[in-house]
Amino acid sequence: MYSREESQKLKREFWVAFAEKYPRKWVLYDTKIKDFSFKFYVDNKKAQVLIDIEPSSDEKRNAYFEKIEALKNILEEEFIKDLVFEKNHTLESGKTISRIWVEKQGVGFSNRNNWDAIFDFFFEKMHALEMFYLEYDEFIKDIS
């Protein structure tokens, strides 16, 4: 097991190595929609690429989620398969958000032998989600 400091150092090395392998600017929080973001997640069991929809208003959160859900067939046929759509996902904090994600099981950041597989997974899946978003962002944003 790693100490807290060793684990933090390893995580920093992981993210630096990812940025070096795929040096580009990701959309992530720059979606132009408040509380709507793309995220990378990795622990010692899995890697995930996520869309988190977190407006404090359930009405707005549901509207954005339903917009993406309406495009689900296009998203899965043209961009990315195996997505999980969860309208009501509860975070550890107790907050309810909507989350759409894809994951790769059996990989972890603490095993450097997994890093290339995780980096490639992150790049492929996030790139696909971004291409989808950039093509359909006007539709998604229009919830009025």
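Helices here are DSSP runs of H or I at least four residues long, numbered from the N terminus. With that in hand, here's a look at some charged side chains in this predicted model.

**Lys125**

Helix α4 covers residues 115-141, and Lys125 is found in it. Is Lys125 buried or exposed? Its relative accessibility is 15%, so Lys125 counts as buried, given that the cut-off for buried is under 20%. Skip the neighbours within four places in sequence, and Lys125 is in contact with Val49, Ile80 and Val102. There's also a polar contact of 3.4 Å between the side chains of Lys125 and Glu124.

**Salt bridges**

How many salt bridges does a search of the whole structure find? The search turns up 16. The general idea is simple: side chains of opposite charge can pair when their charged atoms come close.

| Pair | N to O distance |
|---|---|
| Lys32 and Asp30 | 2.7 Å |
| Arg61 and Asp58 | 3.2 Å |
| Glu54 and Lys95 | 3.7 Å |

Take Lys32 and Asp30 to begin with. In this salt bridge, the closest N and O atoms sit 2.7 Å apart. Lys32 is exposed, at 63% relative accessible area, while Asp30 comes in at 41% and counts as partly exposed.

Now for Glu54 and Lys95, whose side chains meet in a salt bridge at 3.7 Å, N to O. Glu54 belongs to the loop between β2 (46-53) and α2 (58-70), and Lys95 to the loop between β3 (84-90) and β4 (96-105), so this pair ties together parts that are 41 residues apart in sequence. As for accessibility, Glu54 is buried with a relative accessible area of 15%, whereas Lys95 is partly exposed at 35%.

That leaves Arg61 and Asp58, with a salt bridge of 3.2 Å, N to O, between their side chains. Where do Arg61 and Asp58 lie? Both are in helix α2, three residues apart, which means about one helical turn separates them.

Which residues do salt bridges with shared partners join into one network? They are Lys39, Asp52, Glu54, Lys95 and Arg99. Glu54 and Lys95, the pair from the two loops, are both members of this network.

Note on methods. Residues numbered from 1 in each chain as written. Predicted model: local features only at pLDDT ≥ 70, side-chain atom pairs only at ≥ 80, totals over all residues. Heavy atoms only, no water. Buried < 20%, exposed > 50% of the residue type's maximum accessible area, 1.4 Å probe, protein only. Polar contact = N/O pair within 3.5 Å; in protein donor to acceptor, adjacent residues only side chain to side chain. Contact = heavy atoms within 4.5 Å. Salt bridge = Lys/Arg side-chain N within 4 Å of Asp/Glu carboxyl O.
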